[in-house]
Amino acid sequence: MTEEGKLRENLCWAIGLPMGWQPLYESLIRKIFAVDPLARVVDAKEKFGEMRVYMAEYNEAVFALVDVANAKSRTICQMCGGRAVLSRTADGFFATVCSNHADGYLPATSSPLRHVRMVVPKSDLWNPDRDDW
Ligand SMILES: [Zn+2]
């Protein structure tokens with residue numbers, strides 16, 4: 001597949017996202033394309049009020065771009081793209097919504113997600129016999 005074809009394929013994942021996040025997603029995909037034209041999205045969705053984008057493979061630049069966009073989605077109304085906060089319904093459904101789209105929601109005091117970043121040596125560089133690790 002050509003690089004342009006890969007870009008179009010990645011952009012298609014926007015259709016599964018709430019409307020308010022589609023511009024954020026499209027911006028993310030164009031930034032990823034600029035640093036890694038062959039990067040491939042394998043899933044993009046809303047999860048617990050946050051945009052989640054999963055790649056087939058990550059390099060450091062792509063990881064950072066995805067991480068920033070996922071975090072930014074927690075401040076953008078998933079319905080309209082306006083300024084928003086993570087909110088939840090009484091029965092535990094989470095969404096990031098602005099005051100205009102907050103019917104039935106209250107601001108959430110915490111996210112159900114824990115954001116953890118792990119740094120692990122790449123297996124092709126790992127050599128337990130070296131003493132400088
Ligand atoms: Zn809104």
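**A tour of the sheet and a helix pair**

Three strands make an open sheet in the order β4-β3-β5, with antiparallel pairing; strands pair if DSSP finds at least two bridges between them. Strands (E, at least two residues) and helices (H or I, at least four) are DSSP runs numbered from the N terminus. This is a predicted model, in which local features need pLDDT of at least 70, side-chain atom pairs count only at pLDDT 80 or more, and totals for chains, interfaces and linings use all residues. Residue numbers start from 1 along each chain as its sequence is written.

Select residues 85-88, strand β3, and residues 94-97, strand β4: the two run antiparallel and are joined by four bridges. V85 stands opposite V97 in β4. Now select the turn of this hairpin, where five residues lie between β3 and β4 and G92 has a positive phi of about 90 degrees.

Move on to helix α2 (residues 22-35) and helix α3 (residues 60-72), whose axes come within 10 Å and cross at roughly 170 degrees. The axes are lines fitted to C-alpha atoms over the stretch in contact, with angles from 0 to 180 degrees between N-to-C directions. The helices are therefore roughly antiparallel (an angle over 145 degrees). To see the contact, select L24, L28, K31, I32 and V35 of α2 with A61, V62, L65, V66, A69 and K72 of α3; contact means C-beta atoms, placed from the backbone, within 7 Å.

Notes:
Angles under 35 degrees count as roughly parallel, over 145 as roughly antiparallel, 65 to 115 as roughly perpendicular and the rest as oblique. Two residues are in contact if their C-beta atoms, placed from the backbone, lie within 7 Å.
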